[in-house]
Amino acid sequence: MKPLVIFGAGDIARLAWRYFSRDGGRAIAAFTVDRQYRQGEKLLELPLVDFEEVGRDYPPKEFDLFVAMSYKGMNEPRARKYAEARSMGYTLASYVSSRCSFLTDEAVGDNCFILEDNTIQPFVTIGNDVTLWSGNHIGHDSVIEDHCFISSHVVVSGHVRVGAYCFLGVNATLRNSITLAPRTLVGAGALLMKDTKEGEVFVAARTARFPRTSDQVDL
């Protein structure tokens with residue numbers, strides 16, 4: 001495998017460095033960010049270089065790249081940087097944790113980041129640039145399209161299609177055989193029982209504050 005350059009300098013980039021190097025067996029060569037956001041010359045004792053010059057210093061024929069960005073802007077900024085890196089000729093690396101129960105025969109797309117304790121059942125298809133944070137269940141025959149971000153402890157039941165650019169918050173639950181249209185935002189703890197329309201937002205009711213303090217409650 002080629003050495004890897006990581007785009008990003010925030011928490012996800014730092015985590016990508018740890019996961020790819022410690023569990024993924026990848027040598028990390030450098031970090032890169034857009035020139036206007038670069039602060040300093042190094043990150044985690046590795047070179048931090050301008051993305052505008054990364055192709056010169058770390059050419060695509062010799063290095064792979066991973067775009068380590070969050071779900072901000074419904075995944076659009078990450079998708080744009082992903083497309084830019086591909087247009088430069090880079091192979092976009094994916095990481096699948098060795099502690100993921102990966103039971104489908106379908107290979108994940110590129111620039112995916114699939115962390116520990118995910119259960120991915122048989123006949124699941126996962127597209128490009130998909131993040132599955134830790135502890136999710138992706139039910140059999142489901143499809144996760146490109147540029148999605150699924151946080152933690154989400155249940156996607158069987159035969160579900162999650163459209164491109166969706167975000168699923170912590171502890172969200174999707175019933176079987178529904179379709180989430182592109183850019184659906186599902187908040188933490190929400191339960192979806194029907195198909196959605198593009199751009200819809202679903203938010204669960206928040207827990208109310210109890211009118212007493214903890215030392216006034218008899219447990």
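**Figure 1. A salt bridge between arginine 183 and glutamate 198.** In this predicted model, the closest N and O atoms of arginine 183 and glutamate 198 are 3.7 Å apart. A salt bridge is here a side-chain nitrogen of Lys or Arg within 4 Å of a carboxyl oxygen of Asp or Glu. Arginine 183 lies in the loop between strand E19 (179-180) and strand E20 (185-186), and glutamate 198 in the loop between strand E21 (191-192) and strand E22 (201-202), so the pair ties together parts that are 15 residues apart in sequence. Helices (H or I, at least four residues) and strands (E, at least two) are DSSP runs, numbered from the N terminus. Arginine 183 is partly exposed at 28% relative accessible area, whereas glutamate 198 is exposed at 54%. Buried denotes under 20% relative accessible area, exposed over 50%, and partly exposed the range in between (1.4 Å probe, protein chains only).

**Figure 2. The salt bridge of arginine 38 and aspartate 50.** The N to O distance between these two side chains is 2.5 Å. Arginine 38 is found in the loop between strand E2 (28-33) and strand E3 (42-43), and aspartate 50 in strand E4 (residues 46-50), so the bridge connects parts 12 residues apart in sequence. Arginine 38 is partly exposed, at 27%, while aspartate 50 is buried, at 8%. Through shared partners, salt bridges join Arg35, Arg38, Glu41, Asp50, Glu53, Arg56 and Asp57 into one network.

**Figure 3. Aspartate 64 and lysine 2, joined by a salt bridge.** Their closest N and O atoms lie 3.7 Å apart. The pair links distant parts of the chain, 62 residues apart: aspartate 64 belongs to strand E5 (residues 64-67), and lysine 2 to the segment before strand E1 (4-7). Aspartate 64 is buried at 8% relative accessible area; lysine 2 is partly exposed at 29%. The structure holds 16 salt bridges.

**Figure 4. The largest nonpolar core.** A nonpolar core is a set of buried Ala, Val, Leu, Ile, Met, Phe, Trp, Tyr and Cys residues joined through side-chain atoms within 4.5 Å. Among the 25 residues of this core, Ile126 and Leu174 touch the most other members. Contacts of isoleucine 126 (heavy atoms within 4.5 Å), not counting residues up to four places away in sequence, include Ala107, Val108, Cys112 and Ile144. A second, separate core of 19 residues includes Ala13, Phe20, Ile28 and Leu46.

**Notes.** Residues are numbered from 1 along each chain as its sequence is written, and side-chain values use heavy atoms, leaving out hydrogens and water. Local features of this predicted model need pLDDT of at least 70, and side-chain atom pairs count only at pLDDT 80 or more, whereas totals for chains, interfaces and linings use all residues.
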